[in-house]
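Good morning, and thank you for coming.

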Amino acid sequence: MIASAEHPGRRREIVTPEGVPLAFTLASPAERAMAFLLDAALIIAVTILLALLLYGATDQDGGGLSSAFALLVMFFLRNFYFTWFEISWQGSTPGKRVIGLRVIDRRGGVLSADAVFARNLTREIEFFMPLLLLMFPEIFDPDAPVRHLFTILWMLALAALPLLNRDHLRVGDLVGGTLVVHAPKTKLLRDLGTAADPKRDEPPEFGFTPAQLDMYGVRELQVLEDLLRTRRHEARTMRDVAERIQHKIAWSGGKLKPRDFLDAFYRAQRARLEHELLLGKARERKREGRLGQPDTPRRDDRQPDDQQPGSQQPDDQGT
Amino acid sequence: MSARSRMRSVEFRREREPSWVKLEQILGSVRRVGLGGLGPRQLAQLPVLHRAVLSSLSVARAISLDRNVLEYLESLAARSYFCVYGTRRSLFEELREFAWVRFPRAVREARWPLALSAACLLLGVALGFLLTLDDPSRYDALVSSDLAQDRSPATSTEDLRAVLYSDDELSAATMLAHFASFLFTHNARIGMLCFALGFAAGIPVLLLLIYNGLTLGALAAVYHTRGLSLDFWGWVMPHGVTELGAIALCGAAGFVLGQAVVFPGRRSRLAELAHRGRRAGLIVAGTVAMFFLAALIEGFFRQLVHSVPVRYTVVAATGVAWWVYFTKCGRRAAT
């Protein structure tokens, strides 16, 4: 029933072990790159800090011990930073947390440690080696230009893999069977079905007739919900929308404050549509024309998707 | 009360909202202190509340047209899903089970790829040995200069011998530096590379394995011509059993991946890759520990112990230990 407005092409549904389908929005390659850069910056910062700390303590043994230690730490940071965080932070790392991303199992099961291991082992060929190749091309076989070219192409293809498939999977995701998605966070707002003023137990009603309520469908209801939830109300938009609705349903209840009218209309409309939903006949779209007039298809009718709630344009296009 | 203020979806929300808020509080503390920081009561409530919110979501999808509530429940369900079905055990537990059950089991499951990769390695050794024996000038083509440590067919027997029993008073720090920089990190990286390259249908793995074998074989041939074979293998094998074993295992993991790419079998290529990739990744993670052990032996034992019989004892001991470990460990544990 939800018509998710953002990135309809990037929604992926998984079925949880309880059998409830959950929809996630895929992370875009750009967001993943950002998260990765943040993590990489953290790794580099820690390494440099460590090197500086050890630099002070190098004099007695000629630097052997401390440089050995630094090398070991760098090795573990570079290879197990992601694994460690993704295991202990339920599929996120500091960088992913800042951007708001999560690793999940592609089929909806538990994210296993095996999957995390596997997906992070391939970073070496996906990122570190191509980077090394770009920065110091001479260490990869300077004498064989053909082979060199082949290596570059192969590595670029690997690094660009997330751009080339529908789910933006990188090699590690393929191998580990994982997916990187947005960790969504929606706030629970006031229920518009109750009175705005908690002291007034009963919201005002204006007695809409079923015929009037049947003029609109679920889409228009949700557009109206968006409008009513917008923080900054444009008085003119409110008035326009209210007038258009009043016109369409042939309203005869006299002059009202637009906000009151829309609140009441929203409640009545929602109650009506939810009732019909229970009976299995929810109406998606509004009817054409005006109440009391025959349906006449209009050629210049805009799609409801184009309508931006809360913008300068009136939301509803009644005739 | 009028009829409309008793809308079902309003009633529904009023009834269920406290459980959503409670779940949200628990998720908030998981975010701050981790799953391990939850108290026993909260921990027990989490799965119950998770199921409750999923049921709320199903109901809301059926009866409510309040988009904010639907989106809120979707996001709450998703966040609690991350917690309940994210990785759930501590790294320590994970490691223990990994070492005693899953790693040896994964190796047993990959025995045919392992046989193939060991065969490639041996083929490389044999080829390198024969080629260099046949024409010593090939040595330079087979062994890169940083591995050779100034050893070549032109080096005197005495100098070749000296490398095997180097008497330099090495400080512990130098040994450790050598250990960390080259013996461990370098080898472990090669191993992981072997795995990652398996993605390219396994062919680079084949080449990498044979190439590593060639180097060893060529070096062995040089020593063979001077009658130092016994000393040479006594120098290589104490850590070589572990290290070559680990390389062969990484190669096997690469082949497992390659097999999934080329012959996915009944499943889709993507599903097969995910399935096998996890097993193969397990093997590679285990070899990191093996490389670590090998580097310890190579970096310290070899510098400190020069007696040939003792060196061969270590060869036999590590060989038997790995054999027993891989064939016996974790057989009884339930899946």
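Of the 335 residues of chain B, 44% count as buried, a residue being buried if 20 or more other C-beta atoms, placed from the backbone, lie within 10 Å of its own, exposed if 12 or fewer, and partly exposed in between. Please note that this is a predicted model, in which local features need pLDDT of at least 70, side-chain atom pairs count only at pLDDT 80 or more, and totals for chains, interfaces and linings use all residues. Residues are numbered from 1 along each chain as its sequence is written, while chains are lettered from A and ligands numbered from 1 in the order in which they are written.

Let me begin with the fold. Chain B has 13 helices and zero strands; these are DSSP runs, H or I of at least four residues for helices and E of at least two for strands, numbered from the N terminus. An automatic or database assignment divides chain B into domain 1 (4-88) and domain 2 (92-328). The C-alpha centres of these two domains of chain B lie 51 Å apart.

I turn to one helix, α2(B). Because the expected span is 1.5 Å times one less than the number of residues, the 24 residues of α2(B) should span 34 Å, and the 35 Å between its end C-alpha atoms agrees. At Leu46(B), shortly before the proline Pro47(B), α2(B) has a kink of about 30 degrees, the bend being the angle between axes fitted to the seven residues ending there and the seven starting there. Among the buried residues of α2(B) are Leu49(B), His50(B) and Val53(B). Their cover includes α1 and α3 of chain B.

The largest nonpolar core, with 117 residues, has Ala253(B) and Ile283(B) as the residues with the most contacts inside it. Such a core is a set of buried Ala, Val, Leu, Ile, Met, Phe, Trp, Tyr and Cys residues joined through C-beta atoms within 7 Å. Helix α11 (residues 229-262) of chain B gives the most to this core, namely 16 residues.

What does each chain bring to the contact between chain A and chain B? Chain B brings 64 residues and chain A 68, where two residues are in contact if their C-beta atoms, placed from the backbone, lie within 7 Å. On the chain B side, the helices that each supply at least two residues include α1 (8-33), α9 (172-197) and α12 (269-304).
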